[in-house]
Amino acid sequence: MNIELLTLFPEQFPGPLSAGVTGRGLAAGRVTLRVHNLRDYTHDRHRQVDDVPYGGGAGMVLKPEPIFEAVDQVRRHNPGPVILMEPWGEPLSQALAAELAAEPGLVIVCGRYEGVDDRVRLGLEAREISIGEYVLSGAELPAMILIDAVARLIPGVLGDPGSLDQDSFTADFGGYPQFTRPAEFRGMKVPEVLLSGDHRRIREWRRLAARRRAGQMERKT
Ligand code: SAH
């Protein structure tokens, strides 16, 4: 999976993605993340990437030219879909992450300020994806969340692929409560069944516990 990321803040990457599972995926080359500074695709002295909005209003809007130029260039070697992180986009879900993980690559455009000139969406047929109904100051954090959700689904990234099957949203009975040692802590005991070694009973307990938890979190898939 080759990911191209277009941003005004390249220094933020790989950032938290360099730790743990995603960090190993990057180090092993299962996922490559190439970060492109949008200012490198400008041609004026001030390396201008934004301008005032037509029609007035506060703030600045990202200009289309540097984004189109950067996308044209990365598309020569990356056939993946263009993704625009936007608060009104399609909500990121486990199903969407799985769909994107099957792509050969991704081209992620990070908005900032008041947003991105709408011709980017139109002209590049960008898919708009949201990480939730709230407004952040830029798409770098949302992009990291998308990359994390996708990268751990790429074969070879998770140390133990069994972890995927027991994730919430994936399996029928993923997302059950987990316990580790000690068996008793501050008066709270690990459910007896988990210590029993009876795998049939453990499975059944986990299935029911996951179902109860699913009720609490209103599953999306
Ligand atoms: N004026 C816009 C907000 C711009 S925020 C509005 O009213 O909605 C600046 C950039 O941050 C956006 O262009 C988008 O790329 C990113 N962003 C902010 N919130 C986001 C979210 N919930 N999901 C994905 N991207 C988001």
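**Ground rules.** This is a predicted model, where local features need pLDDT of at least 70, side-chain atom pairs count only at pLDDT 80 or more, and totals for chains, interfaces and linings use all residues. Residues are numbered from 1 along each chain as its sequence is written, and side-chain values use heavy atoms, with hydrogens and water left out.

**Overall.** I noted eight helices and nine strands in the protein chain. These are DSSP runs numbered from the N terminus: helices are H or I with at least four residues, strands are E with at least two. The C-alpha trace spans about 70 × 40 × 30 Å along its principal axes. Of the 221 residues, 39% are buried. Buried means under 20% relative accessible area, exposed over 50%, and partly exposed in between (1.4 Å probe, protein chains only). I also checked contacts, meaning heavy atoms within 4.5 Å. Among those with a separation of 6 or more, 76% join residues 24 or more positions apart.

**Helix 2.** I counted 12 residues in helix 2, reaching 16 Å from first C-alpha to last. That is close to the 16 Å expected at 1.5 Å a residue, where the expected span is 1.5 Å times one less than the number of residues. Pro64, Pro66, Ile67, Ala70, Val71 and Val74 are buried here. The buried residues of helix 2 pack against several elements, including strand 1 (2-7), strand 2 and helix 4 (119-123).

**His36.** I found His36 in strand 2 (residues 32-37). Is His36 buried or exposed? It counts as buried, at 13% relative accessibility. Beyond its neighbours within four places in sequence, His36 touches Glu4, Leu5, Leu6, Thr7, Tyr41 and Val74.

**Pockets.** A pocket is an open set of points on a 1 Å grid over the protein atoms alone, where a 1.4 Å probe fits, with protein on both sides within 12 Å along at least five of seven lines; lining residues have an atom within 4 Å of a point. The largest pocket holds about 310 Å³ of space. Its lining has 20 residues, with Met85, Glu86, Pro87, Val135 and Leu136 nearest the centre. Strand 5 (82-91) and strand 7 (127-130) are the elements giving two or more residues to that lining. Strand 5 supplies the largest share, four residues.

The second largest pocket holds about 250 Å³. Among its lining residues I listed Asp51, Tyr54, Lys63, Glu65, Asp117 and Arg119. Strand 4 (61-62) and helix 2 (64-75) each supply at least two.

Most residues other than glycine have a negative phi, and most peptide bonds are trans. The bond from Phe13 to Pro14 is cis, with omega near -5°. Pro14 sits in the loop between strand 1 and helix 1 (20-27). The bond from Arg181 to Pro182 is also cis, with omega near 5°. Phi is positive at Glu125, near 45°. Glu125 lies in the loop between helix 4 and strand 7 and is exposed, with a relative accessible area of 70%. Arg186 has a positive phi of about 45°. Arg186 is in the loop between strand 8 and strand 9 (188-189), exposed at 74%.

Notes: Points joined across faces, edges and corners; volume = space filled by probe spheres on them.
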